[in-house]
Structures are given as structure tokens and as C-alpha cells.
Amino acid sequence: MEEARLLVTCPDRPGIVAAVSGFLYAHGANITDLQQHSTDPEGGTFFMRVAFTASHLDLARPALERAFQEVVASRFQMQWRLAYASERKRTAILVSKPAHALLELLWRYRVGELPMELRLVISNHPDHKEEVERFGIPYHHVPVEKDRKEEAEERILALLEAEGVELVVLARYMQILSPGFVERFPMRIINIHHSFLPAFAGADPYRQAYERGVKLIGATAHYVTEELDQGPIIEQDVVRVSHRHSVREMKRLGRELERTVLARAVRWHLEDRILVHENRTVVFV
């Protein structure tokens, strides 16, 4: 059964849900899930995600989209998009030496938990080639030399373009992407990092946290923007620690959090559950 997802952002006013649901009903759709949020019912911004079966629609997809724009979207000043579950997003993973987040994504992809079309893995190190290719995924080693970063980015972009990549996942890719690179994938690059920033920046943040006696460690997944580590946050999680935890144990817990937080963020993007408003996200889960 074909599933479609409609995501809507517009000024809040009465009648939005009725207009959308009425339109879908009139064209043969069966709504299976509907979630909504308003920043303020009086003059705020309204967000909605509607999942519906699209197997018995009376219009072809382009005609349905034109009709929705004319009948509903223009009336309510909507920004909207329609996605279909069968059209899996072409995805690339970028990774450096740490492998925990990469291997988590590969395993979840293999067992069907991440509904994507994983096209390739790119790394600035050759370390993971054998592991990745066991999953049947092409592996590309693109070294990043200090004075030749622009050249490396051009090679990466060429690989992404050749595969028609729509989503880029940074699974502990330890290189800063240029503004030009980020601009090519607006709100379509997802990064993961520990949540000690900005308090414990730089080398060995876990040792810094240990020495300060922190009681919570965590991980943050966010969209990448030109401003480093300041993009809209998609998902976060934390775990409590105490004086009994060594630096090594804290790093292990941090890796576990990074794996699961990144996997959740990627899945929600793939399932069209995220709307970005200003520098915040609305995540319908």
C-alpha cells in the first residue's frame, strides 16, 4: 500500500485541518496519521504532517499537487511538500576514523529500520573499506590534506552529484564543511556530536568533563548550517554519570548515545517527520 506524507507550514487560522482533510478525502485518500502544532492559535505559525494512503487517488501525482496548490495551499498561504514512502531518499554517509555511528547506520539499513537508498560511504581515511563493502555499499576514500581541502570537497561533491544524493549524514566526519558545500544541501546534512559544547571544546572533551565532575553526558543530532554546530537540533539524549565513571566509561556511554541519537534523527528525516522553522525544528514522532 502506497503511503504519502504531506507537510505543511502556514499562518495559523481556523479551517486548515478541515480544508486539508476534506481535500484528501475528496480525492480518494485515507488519512492514517495526522499531527499538528501551533506556536500560537492567535497569529502564530501552524505546522502539520498528514500521512495517508495514496493507492486509490483519483488524480495522478502532478495533477493532485496542482489541485492542492490551487484549492488549499494558496488559500492558506502554505509552504508545503508532498513525499511518497516508495521514493526512498538517496543517501550518502561521510565518516572519519570513529566507526561506531557508521556501523549503527549500516546495520539498521540492512535490517530495514532506515528506509533510504544508501548510495555510498565517503571517508577521509581508508580504514572502513572492508566493513562497508561487506554491506554491499561502495566505499570512496577521499583524503583531506591541509592545504587542499577545497579539492577534496570538489571530489566529494562530484561523487554525491553522480549518485543524485539527497541526504548527507555525517557519522563522525571530523572535517568542517565549507559554506559552499552546506549551501548545496540546505537542511539535508545531519551531524552528530557530543553535547559538551560549548563548555568543553577542543581536544579530549570527555577528559575535560571528567575533571570538572559532570553528572550528565549526552549527544546532539542537528542539521548543518554555515555556523558551526549551530544548526536546528533534531534529537538529543543524555545519560547520568557519577564519580564512579572513568573517562573510558564515559566515552563508551557517549558513543552509545551518538549511535542511537543519530539513527533516530536520520530515520525521522527519511520518514518526513521534521519541519524547520527559523532555527528550530518541529518533529512529529
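E278 counts as exposed because its relative accessibility is 69% (exposed means over 50% relative accessible area, buried under 20% and partly exposed in between, with a 1.4 Å probe and protein chains only). You will find E278 in the loop between β12 (274-277) and β13 (280-283); helices (H or I, at least four residues) and strands (E, at least two) are DSSP runs, numbered from the N terminus. Its phi is positive, about 55°, although E278 is not a glycine. Most residues other than glycine have a negative phi.

This is a predicted model, in which local features need pLDDT of at least 70 and side-chain atom pairs count only at pLDDT 80 or more, while totals for chains, interfaces and linings use all residues. Residues are numbered from 1 along each chain as its sequence is written, and side-chain values use heavy atoms, leaving out hydrogens and water.

## A buried counterpart, R172

R172 also has a positive phi, near 70°, and is not a glycine either. This residue sits in the loop between β8 and α6 (179-184). With 15% relative accessibility, R172 counts as buried.

## Where α3 meets α8

Next, look at helix α3 (residues 100-110) and helix α8 (residues 247-270): their axes come within 9 Å and cross at roughly 45°. Axes here are lines fitted to C-alpha atoms, for helices over the stretch in contact, with angles from 0 to 180 degrees between N-to-C directions. That angle makes α3 oblique to α8 (under 35 degrees is roughly parallel, over 145 roughly antiparallel, 65 to 115 roughly perpendicular, and the rest oblique).

On the α3 side, H100, A101, E104, L105 and R108 make the contact, and α8 contributes residues including R255, E258, L262 and V266; contact means heavy atoms within 4.5 Å. By type, the residues of this contact divide into five nonpolar, two polar and five charged (Ala, Val, Leu, Ile, Met, Phe, Trp, Tyr, Cys and Pro are nonpolar, Asp, Glu, Lys and Arg charged, and the others, Gly among them, polar).

## The nonpolar cores

The largest nonpolar core has 41 residues, and L105, I217, L262 and V266 have the most contacts inside it. Such a core is a set of buried Ala, Val, Leu, Ile, Met, Phe, Trp, Tyr and Cys residues joined through side-chain atoms within 4.5 Å. Helix α8 gives the most to this core, with 11 residues.

L262 touches A101, L105, V169 and I190, among others, not counting residues up to four places away in sequence. A second, separate core of 25 residues includes L24, M48, A54 and Y84.
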